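Let's take a walk through this structure together, one element at a time. Have the sequence and the 3D view at hand.

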Amino acid sequence: MDPNLWAYTPASGRATEASLVGFRVEASDGSIGKVDKHSDGVGSAHIVVDTGPWIFGKHVLLPAGIVSSVDIAAETVHVSRTREEIKNAPEFHKDAHADDPAYRDRLGGYYGGFMG
């Protein structure tokens with residue numbers, strides 16, 4: 001698994017002191033929802049997105065490495081994946097997977113397959 005997948009890239013403009021909760025999340029081809037929570041943990045940085053009406057009642061966990069940019073003024077997080085790629089990721093259950101290293105490994109394998 002690529003450890004860079006679980007860290008924000010310098011190009012993203014992520015300022016760790018700023019909360020991302022409530023920010024809109026835009027995939028490369030459209031909106032996917034709003035940030036429900038985020039973690040800046042070393043080796044496990046990520047955002048959890050409430051997909052709202054897009055995938056009703058679902059949340060997705062996105063590794064920080066796919067965040068392409070953070071626009072503080074517009075309160076928007078841009079990610080470098082399509083809506084379909086995100087929708088097809090291993091299913092995320094907020095209560096069961098939030099701190100599950102095995103789930104993060106599966107997710108890392110999925111998103112890591114798009115890198116490079």
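What follows is a short tour of a sheet, one of its strands and a helix.

A word on the model before we start: it is predicted, so local features need pLDDT of at least 70 and side-chain atom pairs count only at pLDDT 80 or more, while totals for chains, interfaces and linings use all residues. Residues are numbered from 1 along each chain as its sequence is written, and side-chain values use heavy atoms, with hydrogens and water left out.

Let's begin with the sheet. Six strands make up an open sheet with mixed pairing, in the order S4-S3-S2-S1-S6-S5. Strand S4 (59-63) and strand S5 (67-71) stand at the edges with a single partner strand each, so one side of each has no neighbour in the sheet. Strands here are DSSP runs of E with at least two residues, and helices are runs of H or I with at least four, numbered from the N terminus; two strands pair if DSSP finds at least two bridges between them.

Now step in to S3. Strand S2 (residues 30-39) and strand S3 (residues 46-50) run antiparallel and are joined by five bridges. Along this pairing, histidine 38 stands opposite isoleucine 47, and serine 39 has histidine 46 as its bridge partner. S3 is also joined to S4 by five bridges, again antiparallel, with valine 48 opposite leucine 61. Four of the five residues of S3 are buried, so the strand is largely enclosed by the rest of the structure. Buried means under 20% relative accessible area, exposed means over 50%, and partly exposed lies in between (1.4 Å probe, protein chains only).

A polar atom of its side chain lies 2.7 Å from the backbone oxygen of serine 44. Leaving aside residues up to four places away in sequence, histidine 46 touches Trp6, Tyr8, His38, Ser39, Leu61, Leu62, Pro63 and Ala64, where contact means heavy atoms within 4.5 Å.

Our last stop is helix H3 (residues 101-112). At its start, a side-chain oxygen of aspartate 100 reaches to within 2.9 Å of the backbone nitrogen of alanine 102. Which residues of H3 are buried? They are Tyr103, Arg104, Leu107, Gly108 and Tyr111. Seen down the axis of H3, these buried residues fall within an arc of 135 degrees, so they line one face of the helix; the arc is taken from the directions from the helix axis to the C-beta atoms. The buried residues of H3 pack against S4, helix H1 (83-87) and helix H2 (94-97).

Key. A polar contact is a pair of N or O atoms within 3.5 Å; within protein, one must be able to donate a hydrogen and the other to accept it, and residues adjacent in sequence count only if both atoms are side-chain atoms.
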